[in-house]
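Have the sequence and the 3D model ready side by side. This report takes you through cores, a helix crossing and some loop residues.

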Amino acid sequence: MTPVDTLPNKHHNSLKFSPHIHAQNLAWKGCLDSVSFDQQTIKIKLQTLDKPCYILKIGDKIGVTNEGYLCQENNPTAQLLTSIPPITLEQLGDPTFLAFHGVKYAYVTGAMAGGIASEEMVIALGKAQILSSFGAGGLPPERLETAIKRIQEALPHGPYAFNLIHSPNDMAIERRAVELYLKHEVSTVEASAFLDLTPNIVYYRVVGLSLNDANQIEIKNKVIAKISRREVATKFLQPAPPRIIKELLEQGLITDLQAKLAAKVPMADDITVEADSGGHTDNRPLVCLLPSIIALRNEIQEQYHYDQPIRIGVAGGIATPESALAAFMMGAAYIMTGSINQSCVESGACEHTKKLLAQAEMADMIMAPAADMFEMGVKLQVLKRGTMFPMRAQKLYEIYRTYDSIEDIPLAERQKLEKQVFRKTLAEVWEGTAAYLSQKNPEKLGKAVNNPKLKMALIFRWYLGLSSRWSSSGEKGREVDYQIWCGPAMGGFNDWVRGSYLAEPQNRRVVDVAYHIMTGAAFLYRIQSLKMQGMQIPEDYSQYCPENPQLLEM
């Protein structure tokens, strides 16, 4: 076997071949007219993913073809430098994920609270056999039930998922969501923001366990758990806690058989490792977090020997073919996108918000106080470009930390808040808050009446809670107060699609975005594989630019 010398570029396609790669044992046979030598046609052939690619030397030229076949040949008319087989989008990720959820791609769109991940989004993706999670967080039960009925009517056989967000300040919200999911036989939930397992998520999981005719465990209620910490991941990787199982059994919510089966299955089927993302995030780097959680999964699998090992997917920062391919190459079973979908046509965000998102750059994000965990000092990642919300929310938290009651705040400061932030008196804000709590949570109202610090927090949370709704509803006159959950992935996406039809928000459709990210990842895998085999490919060939599929069909 002799090394192949670097071949010159005499036809301006800039392709070269490494001298460190050994010659092929096989030869190519086919029609020489199918071989391309110009850069534009070569790139088209490289992007023809459903056909193999043969890199040939004919005389002193390097060319590419999708036609022909490999064989044993002593005197070939073209020297085979290397070849690569076809690749389909279904090959990316874990095939068991596709079979388990009945989907076409190892691609999921994550829930964005308040219906930002809307019915339209879930239905559009579901019709394309792509899993999408409805953003149930923060919605009243009646609104959630309406969404369930609409999605199930449009997707009677799925796929779809609904978010189950942890509500530490009001566990009744969590319980009502579970009751609705069980009532309407929602078979997949995306569990997020959990700090620990609760009876609600355990109840949902375990009540769906049974044995089939072959005496195998059937898991009717699937759980995709989104985590960013090892200690939380451990809880979902293990079976349900015996303490909670005992409570559910005593309450008559599960059967003896389900209690026994619960000890043999993990709490989740899939774990989504969430790196630096929009909304609630620990800002963890994906390259560190994913290997750590995969190793943890392997340790726990060795302990419990589940029939089906838990799959590990990724979220946070997935916005381009490059980031998608990086995740898959690191071992991700699937990828989950979030922020980028908020700028799409099907998103529940208003048009003004979508335009701001389409203009965002990676440095346009900032951490700001969260409404649901305001008193704890928990922050979430939001867009700072085009809105005053991050600064105003942080000011409210600083005042909360400094003073013990509304009355303790200096008069000038109170007047400033009333004029610039609340646009009404603090007394009026409290009146509206009290009226709401009297209907929804009278117990908390009773505590606030006798706790000035809690009362102040609830008044401030009025602004934090409504600001995200203003962003969805498009509240006129409140644009500078929009709270827009967003991660740096949004800026990366905008950089990638700049100059393409996806640059404008009115052209961004979630199915198109999913298709182009996955297709681009498969294309880049082909390019990287050729490079590994010795091809020296200029960057011009390595750029995947989204093209409108409707125009391609014309």
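## Nonpolar cores

The largest nonpolar core has 170 residues. A nonpolar core is a set of buried Ala, Val, Leu, Ile, Met, Phe, Trp, Tyr and Cys residues joined through side-chain atoms within 4.5 Å. Buried means under 20% relative accessible area, exposed means over 50%, and partly exposed lies in between (1.4 Å probe, protein chains only). Tyr 181, Ile 201, Phe 236, Phe 422 and Phe 460 touch the most other members of this core. Helix 19 supplies the largest share, 11 residues. Helices (H or I, at least four residues) and strands (E, at least two) are DSSP runs, numbered from the N terminus.

Take Phe 236. Its contacts include Ala 191, Phe 194, Leu 197, Ile 201, Val 223 and Ile 310, leaving out residues up to four places away in sequence. Contact means heavy atoms within 4.5 Å. A second, separate core has eight residues, among them Val 35, Phe 37, Leu 56 and Ile 58. In soluble globular proteins, nonpolar side chains tend to be buried together.

## How the model is read

This is a predicted model, where local features need pLDDT of at least 70 and side-chain atom pairs count only at pLDDT 80 or more, while totals for chains, interfaces and linings use all residues. Residues are numbered from 1 along each chain as its sequence is written, and side-chain values use heavy atoms, leaving out hydrogens and water.

## Two crossing helices

How do helix 11 and helix 19 cross, and at what angle? The axes of helix 11 (residues 321-329) and helix 19 (residues 510-532) come within 8 Å and cross at roughly 65°. Axes are lines fitted to C-alpha atoms, for helices over the stretch in contact, and angles run from 0 to 180 degrees between N-to-C directions. That makes helix 11 roughly perpendicular to helix 19. Angles under 35 degrees count as roughly parallel, over 145 as roughly antiparallel, 65 to 115 as roughly perpendicular and the rest as oblique.

On the helix 11 side, the contact uses Pro 321, Glu 322, Ala 324, Leu 325, Phe 328 and Met 329. On the helix 19 side, the residues include His 516, Ile 517, Gly 520 and Tyr 525. By class, this contact has 10 nonpolar, two polar and one charged residues. Ala, Val, Leu, Ile, Met, Phe, Trp, Tyr, Cys and Pro count as nonpolar, Asp, Glu, Lys and Arg as charged, and the others, Gly among them, as polar.

## Buried loop residues

Asp 481 sits in the loop between helix 17 (452-473) and helix 18 (489-497). Is Asp 481 buried or exposed? Asp 481 counts as buried, because its relative accessibility is 0%. Its contacts include Thr 387, Arg 423, Tyr 463 and Trp 470, not counting residues up to four places away in sequence. Asp 481 and Val 421 are 60 residues apart in sequence, and their C-alpha atoms are 8.1 Å apart in space.

Ser 167 lies between strand 9 (161-165) and helix 5 (171-183), in a loop. Ser 167 is buried, with a relative accessible area of 12%.

## Backbone details

A cis peptide bond joins Gly 158 and Pro 159, with omega about 0°. Pro 159 is in the loop between helix 4 (141-154) and strand 9.

Asn 215 is not glycine, yet its phi is positive, near 65°. Asn 215 counts as exposed, at 57% relative accessibility. Arg 423 also has a positive phi, near 60°. Arg 423 is in the loop between helix 14 (411-422) and helix 15 (426-440). At 42% relative accessibility, Arg 423 counts as partly exposed.
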